[in-house]
Amino acid sequence: MELLTIGAFAKASRLSPKALRLYDELGLLTPARVDPDTGYRRYAPEQLEQARLVAWLRRLGMPLARIRRVCALEPGEAAGEIRAYWARVEADTAARRDLAAFLVDHLNGKDPTMSRTTAPLALRYAALSDTGRVRASNQDTAYAGSRLLAVADGYGAGGAPASAAAVDALRSLESETVPAGDLLNALEDALGRAEQAVHGVASPGDDGADADAGTTLTAMLWTGSQLALVHIGDSRVHLLRDGELFQITHDHTVVQSLIDEGRLTPEEAASHPQRSLLLRALGRGADSTPDLRLHDARAGDRYLLCSDGLHTVVPAGDVHRVLADTPEPEAAVRELVGLANASGGPDNVSCVVADVVAQA
C-alpha cells in the first residue's frame with residue numbers, strides 16, 4: 001500500500017507535522033520510512049489508528065512519556081492505564097476545586113474564621129488510643145483539644161516517637177490566631193514543622209533502630225464554623241451528618257491506588273498482602289504531599305478520626321451504628337476501640353470523636 005507523506009498523514013491524523021517530528025524523535029510514532037538522503041518522513045495508512053490515539057490522549061492532557069507506555073500496551077491494558085490516569089486527574093481536580101472555593105469565599109470577604117451561623121458553634125470531643133491485642137507497644141498518637149483534632153500512626157522501629165513528634169508539632173495551632181487568608185498556608189507550615197520533627201527522631205546518618213521512623217498524620221483545625229483538614233497516609237476522617245456516614249479522606253496506599261485504577265475491588269483489597277503499604281507519609285524518603293481542604297460544619301455533625309487499626313477490622317456498618325447511637329464522645333471512642341480489640345486487635349487503634357454543638 002502506498003505510503004502517506006507527512007503532510008497527508010498530519011491532515012488525516014489531525015496532528016501537525018511539527019508534532020509528528022517530535023513524536024518520531026521520542027520514539028512515540030516512528031515513520032514507516034525515512035528517506036536516507038532528504039530525511040523526508042512517510043507513514044503507512046495503518047499507523048493512523050495509533051496517531052489518532054496519540055492525538056486523543058494529548059487532548060486529555062496526558063504527558064508524552066505516559067502516552068508512550070499506553071501505546072505499547074494491548075487494548076485492554078491501555079484502557080486500564082487511561083482509566084487510572086483519569087482517576088488521578090479527577091482527584092487532583094477535586095483538591096483544586098476545594099481550594100478555589102476557599103479563595104472565592106476569601107476574596108468575596110467571607111471570613112472562614114467567623115461563624116456563618118446565627119448561633120456560635122463549638123466542639124465536644126474525646127480521644128483514645130490503645131495498643132491492641134497483638135502489638136507489644138503503641139505507635140499511634142491521638143489528640144483532641146478545643147481547636148485541634150489529630151491522629152498519627154507511626155511505623156518502623158521509631159514509629160512511636162515519630163507519631164508523637166508529628167502531633168506535637170501541630171499543637172501550637174491551638175493557640176495561634178490564623179488570618180482567614182493564611183489558613184491553608186498555616187496548615188502547610190505546620191505540616192512542614194511536623195515533617196522536620198519526624199526527621200529529628202533519627203539523627204542524620206543514623207543507622208540505628210530509629211532510622212526508619214515515619215508516621216501518617218490526619219488532623220483537623222476548628223475555625224468556629226469550619227474544620228480545616230490536613231491528611232497524609234491511611235488514617236481516616238468520617239463525617240456523620242443527618243444520619244449518613246461519609247468518608248471524607250482518601251487513603252494514600254498502594255491498594256487504594258489499585259482500587260482507583262479499577263484493578264482491585266474493595267472486597268479484594270481487604271485481604272491484599274500490601275494493604276498497609278503507604279504511598280505518602282512523613283518520613284525520610286517518603287512522599288509527604290498532603291491533602292488540604294476545608295469543610296463547613298453544622299450543629300449536629302459528628303466527626304471521627306481513626307487509625308487503620310479501626311477501619312481495617314471493624315465493618316463500616318458497626319462504626320456507623322456506634323457513632324449514631326452513642327451520644328457522648330467519650331463512650332463512643334471507648335466502644336469503637338473495644339470493637340477493634342474484640343475483632344482480634346491486630347494493630348494499635350486510635351479514635352477521636354468530635355461533635356459540633358451550638359454554644360449555650
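1. The side chains of Asp 242 and Arg 298 meet in a salt bridge, with N and O 3.6 Å apart. Asp 242 is exposed at a relative accessible area of 69%, whereas Arg 298, at 44%, counts as partly exposed. The model is a predicted one, and the values here should be read accordingly.

2. The structure holds 14 salt bridges, and among them is the one between Asp 24 and Arg 41, for which the N to O distance is 2.8 Å. Asp 24 belongs to helix H2 (residues 17-25) and Arg 41 to strand E3, so the pair ties together parts that are 17 residues apart in sequence. Both partners are buried: the relative accessible area is 18% for Asp 24 and 16% for Arg 41.

3. A further salt bridge joins Asp 347 to Arg 135, the closest N and O atoms being 3.2 Å apart. Here the partners are 212 residues apart, with Asp 347 in the loop between helix H12 (329-342) and strand E15 (349-358) and Arg 135 in the loop between E4 and E5. Asp 347 is buried, at 14%, while Arg 135 is partly exposed, at 39%.

4. Thr 131 is found in that loop between strand E4 (121-130) and strand E5 (140-144), and is partly exposed with a relative accessible area of 27%. Leaving aside neighbours within four places in sequence, its contacts are Ala 136, Ser 137, Asn 138, Asp 347 and Asn 348. The C-alpha atoms of Thr 131 and Ser 350 are 8.8 Å apart, although 219 residues separate the two in sequence.

5. Salt bridges also link Arg 124, Arg 302, Glu 328 and Asp 355 in a network.

6. Three strands form an open antiparallel sheet in the order E1-E3-E2, with strand E1 (4-5) and strand E2 (33-34) as the edge strands, each pairing on one side only. Two bridges join E2 to E3, and Arg 33 has Arg 42 in E3 as its bridge partner.

7. The count of aromatic pairs comes to one. The ring centres of Phe 9 and Tyr 43 are 4.3 Å apart and the planes lie at 10°, so this pair is stacked. Phe 9 is in helix H1 (residues 6-13) and Tyr 43 in strand E3 (residues 41-43), 34 residues apart. Phe 9 is buried at 0% relative accessible area, and Tyr 43, at 0%, also counts as buried.

How values were computed
Residues are numbered from 1 along each chain as its sequence is written. This is a predicted model: local features need pLDDT of at least 70, side-chain atom pairs count only at pLDDT 80 or more; totals for chains, interfaces and linings use all residues. Side-chain values use heavy atoms; hydrogens and water are left out. Helices (H or I, at least four residues) and strands (E, at least two) are DSSP runs, numbered from the N terminus. Buried means under 20% relative accessible area, exposed over 50%, partly exposed in between (1.4 Å probe, protein chains only). Contact means heavy atoms within 4.5 Å. Rings of Phe, Tyr and Trp (its six-membered ring) pair if their centres lie within 6.5 Å; planes under 30 degrees apart count as stacked, over 60 as edge-to-face and the rest as tilted. Two strands pair if DSSP finds at least two bridges between them. A salt bridge is a side-chain nitrogen of Lys or Arg within 4 Å of a carboxyl oxygen of Asp or Glu.
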